[in-house]
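Here's a quick walk through a ligand site and the protein around it. Have the model open alongside.

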Amino acid sequence: MNATELFRKIFKLEPAYLASAPGRLEILGNHTDYNEGLVLSAAVSQKTDFAMSPVKGRICRIVSNMDESIIEIDLDRVEEGIKKGCWSTYIKGVICEIRKRGADISAFDAAVTSTVPLSAGMSSSAALEVSALFAFQKAFGLKFTKTELAKIGQGAENNFVGVQSGLLDQFSSIYGKKNSLILCDFRTNEVVKTVPVPEGYVIAVVNSMVRHTLVDSDYNVRRKSCENAVARLKETYPEIKALRDVTTQMLEKAKDTLDFIDYKRALHIVGEDERVLSAVKSLDKSDIKSFGKILFESHESSRRNFENSCPELDYLIELSMSLPGCVGARLSGGGFGGISIHFVEKTKVAEYSNRISTAYKLRTGIETVPILCELGDGAKCR
Ligand code: GLA
């Protein structure tokens with residue numbers, strides 16, 4: 001059932017607005033977003049739909065296709081009863097963030113459906129926030145820029161869900177371009193250019209199905225390490241503002257001034273920024289081999305330096321190197337479990353998917369079904 005049908009079923013009316021926001025893939029540029037760096041990302045065709053109509057009163061009712069139970073939000077008590085782990089927290093967080101910026105919404109009924117896999121590293125939560133935001137913007141005449149909408153979604157994560165995440169997820173869900181990768185600059189918060197997906201290749205998402213506990217706190221600890229590194233590096237290079245301003249060479253020169261762990265974290269980030277630029281150059285020249293090699297290098301740096309991989313993800317990448325058809329693969333997103341992305345020749349992807357699932361199951365006992373991703377456009381509302 002799509003969101004419009006669910007809306008009709010529950011509220012016995014046609015929805016006035018239908019917003020859609022896609023999930024996203026981080027192609028390259030791991031944890032660079034909150035370091036003012038570069039990311040090559042994409043919006044996928046899997047999306048969240050938010051069908052809604054404004055109503056009188058102060059009570060919002062939202063139904064999702066997960067269980068068809070109705071969640072109520074009282075607009076006079078939005079901050080009450082915000083619970084981590086409940087999907088309504090994302091909507092409540094978004095409403096609070098809109099208010100912080102001096103705007104507001106009125107009551108509404110809404111139906112939410114989603115094809116973005118949950119907890120899979122494809123940003124189902126950003127898709128939910130952005131779909132709600134696009135509906136609110138249109139229905140209630142809000143005047144936020146697209147980037148501000150992304151920041152509102154990020155604020156919901158940072159201040160209500162408790163992850164100090166960057167802007168990548170919401171930004172990619174908003175600015176994605178069909179069949180393309182987008183090169184995002186998180187210093188200026190803009191899409192620098194779009195890069196077509198290389199002809200003849202498909203992106204297969206292989207979920208390790210492992211989600212380590214404390215993912216959120218691990219994420220926040222990594223972020224802190226990056227900040228520590230910047231604080232120390234400023235003693236040698238007073239002009240720098242973020243790891244974005246540091247090159248590998250500069251980092252090596254100042255290595256002894258840094259805590260060793262912070263140094264390793266910074267080495268990953270600085271390397272990722274450099275890898276993103278080289279990857280775009282390779283893609284511009286249709287040099288898919290070099291591009292793939294950079295993806296493998298990124299994974300290796302996650303494993304050794306940022307330590308946000310895990311044995312299961314490492315095994316998937318090891319498999320990708322030994323199976324025919326894959327040019328490059330790496331973990332994608334926050335890490336500590338979650339997904340890996342694999343660039344695979346179209347003609348070989350069916351067999352590749354079978355073989356990687358079989359081998360993974362044999363070694364780990366875990367079932368995983370690769371998702372072949374099509375890349376879609378960013379969020380919209382009608
Ligand atoms: C998560 C966060 C993003 C980004 C990635 C890592 O997806 O939400 O902001 O930091 O991890 O690149």
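Start with Tyr-219: one of its polar side-chain atoms sits 2.6 Å from a ligand oxygen, a polar contact being a pair of N or O atoms within 3.5 Å. Taken alone, the ligand exposes 310 Å², and the protein buries 92% of that (areas by the Shrake-Rupley method with a 1.4 Å probe).

Asp-169 also has a polar side-chain atom 2.6 Å from an oxygen of the ligand. For Glu-26, a side-chain N or O atom is 2.5 Å from a ligand oxygen.

A word on the model: it's predicted, so local features need pLDDT of at least 70 and side-chain atom pairs pLDDT 80 or more, while totals for chains, interfaces and linings use all residues. Numbering runs from 1 along each chain as its sequence is written, and side-chain values use heavy atoms, with hydrogens and water left out.

## The shell

In total, 13 residues surround the ligand (a heavy atom within 4 Å), and the closest are Glu-26, His-31, Asp-33, Asp-169 and Tyr-219. The shell splits into two nonpolar, seven polar and four charged residues.

## Between two domains

The domain assignment, which is automatic or from a database, gives domain 1 (3-197) and domain 2 (201-373). Why does the ligand lie between them? Because both domains give residues to its shell.

The domain centres, taken over C-alpha atoms, are 25 Å apart. Across the divide, 36 residues of domain 1 contact 44 of domain 2, with contact meaning heavy atoms within 4.5 Å.

Note on methods: A polar contact is a pair of N or O atoms within 3.5 Å; within protein, one must be able to donate a hydrogen and the other to accept it, and residues adjacent in sequence count only if both atoms are side-chain atoms. Ala, Val, Leu, Ile, Met, Phe, Trp, Tyr, Cys and Pro count as nonpolar, Asp, Glu, Lys and Arg as charged, and the others, Gly among them, as polar.
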